[in-house]
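Please read it alongside the sequence and the coordinates.

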There are 2 protein chains.
Amino acid sequence: MPNNQFKKGELYSFITGKASIAIARRLQKKFNTAGLNLTIEQWSVLYHLWKEDGKSQQELCNATFRDKPSITRLVDNLEKLQLVKRVASESDRRINRIYLTKLAQKLQEQTMGLAEETLNEALGGVPADKIDVCKSVLQIVYDNLK
Amino acid sequence: MPNNQFKKGELYSFITGKASIAIARRLQKKFNTAGLNLTIEQWSVLYHLWKEDGKSQQELCNATFRDKPSITRLVDNLEKLQLVKRVASESDRRINRIYLTKLAQKLQEQTMGLAEETLNEALGGVPADKIDVCKSVLQIVYDNLK
DNA sequence: TTCATATAGTTGTTTAACTAACTATATGCC
DNA sequence: GGCATATAGTTAGTTAAACAACTATATGAA
């Protein structure tokens, strides 16, 4: 039988993800205040390239949980900002590998610092063990649905 | 001192809210499969009107955590779909009160059923006490940042 | 080798979010 | 009453997401 943990009044905020929206907005504000002309979505692509430069667009789709048109356009805008460049693969000409520019490499330390700052603000007053439980629940939700 | 619960590898998924995005996508698919021509964002407005019909646009902003232009356009589109209508307030002519049509009233039971179904799928295998911890953490995050 | 199929990426269209700038109405102080 | 200020809502411009349809390249079987 279905578990009825969710009554109507609580259902909405789980679906809309208010907490993560609030985190993203706070981080965006920090970027703006710091004079960084960068959206959170653009940052999320750079984030995965900092972990491993030269990912293909398809790999960025998987990593960022976005579809191909979304990545095409994010990479378009990142190229306009001179933060990445597309390089066609030699071995498989269907593939674009995306490489960070020096400008983007310089952004890593500053933006990751702002991101950590944001999370510390968000999680102020929450004990570490509860954060762990929360993370594990969200991971299961993601795995259940993907 | 700052809590360093977040190492780089875990930071991203908290900011991007993959779990809630996955829930919203699943619910949207259910709407589409059921032949409902309705976005999750439009549904989220109806949701708050089902709780209390005749809210003003500003009240919908607060309830849905959106800004005024977003609500203006969502109400525009809901009016085009014949699901709500704007009624100028008699006592304060700046205010529009938004009322559900009969068509929208009919959608409540079906869509709330699909939403509950979605959450049950998302939370399958998660014990109730962990869900409670997760909800409370997300609430604190939201309160910390708003 | 050739043709069907799969994969990588792009383009067009609609909906939505954020910011900034705007109009209209209400409130409150002088 | 009149004017400054606040509040409710709209409009314009940019970025992004979902979906469908498309091009180009690679793979694999006959």
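## Fold and interface

Read along its sequence, chain A follows the pattern α-α-α-α-α-β-β-α-α, in a model that is predicted.

### Helix packing around α3(A)

Two packed helices are described by the angle between their axes and the distance between the axes. The table gives these values for two pairs that involve α3(A), which covers residues 40-51 of chain A.

| Helix pair | Axes come within | Crossing angle |
|---|---|---|
| α3(A) and α4(A) (residues 57-64) | 10 Å | roughly 110 degrees |
| α3(A) and α5(A) (residues 68-80) | 10 Å | roughly 90 degrees |

With axes crossing at roughly 110 degrees, α3(A) and α4(A) are therefore roughly perpendicular to each other, since angles of 65 to 115 degrees count as such. On the α3(A) side this contact is made by Ser44(A), Val45(A), His48(A) and Leu49(A), while α4(A) contributes Leu60(A), Ala63(A) and Thr64(A). Sorted by class, the residues of the contact of α3(A) with α4(A) are four nonpolar and three polar, with no charged residue.

For the second pair, the axes of α3(A) and α5(A) cross at roughly 90 degrees, which makes α3(A) roughly perpendicular to α5(A). Here the contact brings Glu41(A), Gln42(A), Val45(A) and Leu46(A) of α3(A) together with Ile71(A), Leu74(A), Asn77(A) and Leu78(A) of α5(A). The classes in the contact of α3(A) with α5(A) are five nonpolar, two polar and one charged. Val45(A) is listed in the contact with α4(A) and is listed again in the contact with α5(A).

### The interface of chain A and chain B

The size of an interface is often given as the accessible area lost when the parts come together. How much area is buried between chain A and chain B? The value is about 5,800 Å², of which carbon and sulfur atoms give 69%, and the contact takes 55 residues from chain A and 55 residues from chain B. Within chain A, the residues that lose the most area to chain B are Tyr12(A), Ile15(A) and Leu145(A), together 13% of what that side buries.

As for specific interactions, the count of salt bridges between chain A and chain B is zero, whereas 10 residue pairs, both members at pLDDT 80 or more, are in polar contact across the interface. The elements that give two or more residues to the side of chain A that touches chain B are α1 (8-16), α2 (18-33), α3, α4, α6 (102-122) and α7 (128-145) of chain A. Of these, α7(A) supplies the largest share, 13 residues. By class, that side of chain A has 33 nonpolar, 12 polar and 10 charged residues.

Terms used: Residues numbered from 1 in each chain as written. Chains lettered and ligands numbered in written order. Predicted model: local features only at pLDDT ≥ 70, side-chain atom pairs only at ≥ 80, totals over all residues. Heavy atoms only, no water. Axes fitted to C-alpha atoms, helices over the stretch in contact; angles between N-to-C directions. Helix = DSSP H or I, 4+ residues; strand = E, 2+ residues; numbered from the N terminus. Parallel < 35°, antiparallel > 145°, perpendicular 65-115°, else oblique. Contact = heavy atoms within 4.5 Å. Nonpolar A, V, L, I, M, F, W, Y, C, P; charged D, E, K, R; others polar. Buried area = accessible area lost by both parts, 1.4 Å probe. Salt bridge = Lys/Arg side-chain N within 4 Å of Asp/Glu carboxyl O. Polar contact = N/O pair within 3.5 Å; in protein donor to acceptor, adjacent residues only side chain to side chain.
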